[in-house]
Amino acid sequence: MTEFKRVVLIIVEGLGLGAAPDAAVFADNGADTMGHLCNHFRVRLQLPTLQKMGLGGLHPRLAARETPVHSYYGRLRSMTSNKSAVEDYWELLGVVDEEEPTAYPSGFSAALIHQLEQEFHRPVLVNAPYQPQHLLEDYGDVQVATGGLLVSTSGGSDMVVSAHEATIDGDELEKVGRFIRRFVDQQDSGRLQIVQTLPFAGAPGRYYYRFTRQQTFYLRPPQPTVVDRARAVGCPVKVVTGTTAFADLQLALKSAPDTGLYLVPIHEIDRAGYQRNPEDSGQQLMKFDQHLAEVLPLVHPDDLLIVTANHGNDPAFSGEESTREWLPLLAYSPSLRGGRLADRATLADIAATIQDVLGLADGPISGCGHSFRSLLL
């Protein structure tokens, strides 16, 4: 069995491979991110690196051009009872939680809003469900004029706090997000999954969000994740994200210690999926494929690189939510022989494998998830 010292986990958010067995429960029958991208792009969709790693063997629309070398490939799916970006990540990191999050269909408590205004000496101008662009159309001008805060929600378990970057700088907006996260977790009875701060820019009539400066503050999982366990024993953990993610990852692989865990979430494909924009979704996927080609030569024989997804997000599907789909599992190292893995029933298998590889503890995480390390020959 191959011994590894370092794990790189790349999460391509939104990359689905077709409806999962429980898709009907979520009204997602017919969802197929990869299939619909193939329909949209036809021969324009070129993914040579992912194909080389085995993606072509996981979807009927992607012909397997060659037998993968140094890569094991398979499919896995989520076992959570909710479609939630937070719970998707918890499951990937080894925690499956069945407790329902709190929805906020009418906005947030008066106590929270009052404390927010008192802490930052800024008025909260809106506290209601809102579509993002409509929020700027209705309140952008008054926010710029007053320097207040725009607090909105989709009506689910999420909060977005917005302000023009000329009125509130990034440091203060980050403090706002951290304050809300701490207040809700310690003093509120609800389970708010996501707090986001999202600045906007531009002039009246032409306001636009600065997504590259968005920050997200997640509800803490109810149990330790594989990341918590790694940190507890002094194993290096690094999260690599943002517009320079791949440049930072390449630098880390070249110069960082040869032990530890690297987490690399890729957001752009998912964002295009939520916008139901297949052209942008496919373009972002091809860009990811090119970046991945630059990373693979830097992977050492005692490194394990895993490419997966947290959920599907079919840009040709109805609605505005993610889609319940099979997800890719690609495991690469120059020391591996390569081959097909059987379908796996939970994302937590990845956490269990990381735990196994890094020698963090014995047994499955949170009673679920089983390592596939022994299959990597």
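Buried means under 20% relative accessible area, exposed over 50% and partly exposed in between, with a 1.4 Å probe and protein chains only. The model is predicted: local features need pLDDT of at least 70, side-chain atom pairs count only at pLDDT 80 or more, and totals for chains, interfaces and linings use all residues. Residues are numbered from 1 along each chain as its sequence is written, and side-chain values use heavy atoms, with hydrogens and water left out.

**View A. Pro 297 in the loop between α10 and β11 (303–308).** Helices (H or I, at least four residues) and strands (E, at least two) are DSSP runs, numbered from the N terminus. Pro 297 counts as exposed because its relative accessibility is 65%. Its C-alpha atom is separated by 26 Å from that of Ala 230, 67 residues apart along the chain.

**View B. Helix α1 (residues 33–41) and its buried residues.** Thr 33, Met 34, Gly 35, Leu 37, Cys 38 and Phe 41 are buried. The buried residues of α1 pack against α10 (278–295), where contact means heavy atoms within 4.5 Å. Arg 42 follows α1 and has a positive phi, near 55°.

**View C. The aromatic pair of Tyr 130 and Tyr 139.** Rings of Phe, Tyr and Trp (its six-membered ring) pair if their centres lie within 6.5 Å; planes under 30 degrees apart count as stacked, over 60 as edge-to-face and the rest as tilted. By this rule there are 7 aromatic pairs. Tyr 130 and Tyr 139 are edge-to-face, at 5.8 Å centre to centre with 85° between the planes. Tyr 130 is partly exposed, with a relative accessible area of 24%, and Tyr 139 counts as partly exposed at 24% relative accessibility.

**View D. The stacked pair of Phe 179 and Phe 183.** The ring centres are 6.2 Å apart, with 25° between the planes. Phe 179 and Phe 183 are separated by about one helical turn because they lie 4 residues apart in helix α6 (residues 170–187). Phe 179 is buried at 10% relative accessibility, and Phe 183 is buried with a relative accessible area of 8%. Ring pairs link Phe 120, Phe 179 and Phe 183 into a cluster.

**View E. Arg 75 and Arg 77 over the ring of Trp 326.** A charge sits over a ring if NZ of Lys or CZ of Arg is within 6 Å of the ring centre and within 35 degrees of the ring normal. Arg 75 lies at 4.1 Å from the ring centre of Trp 326, and the charged end of Arg 77 is 5.8 Å from that centre.
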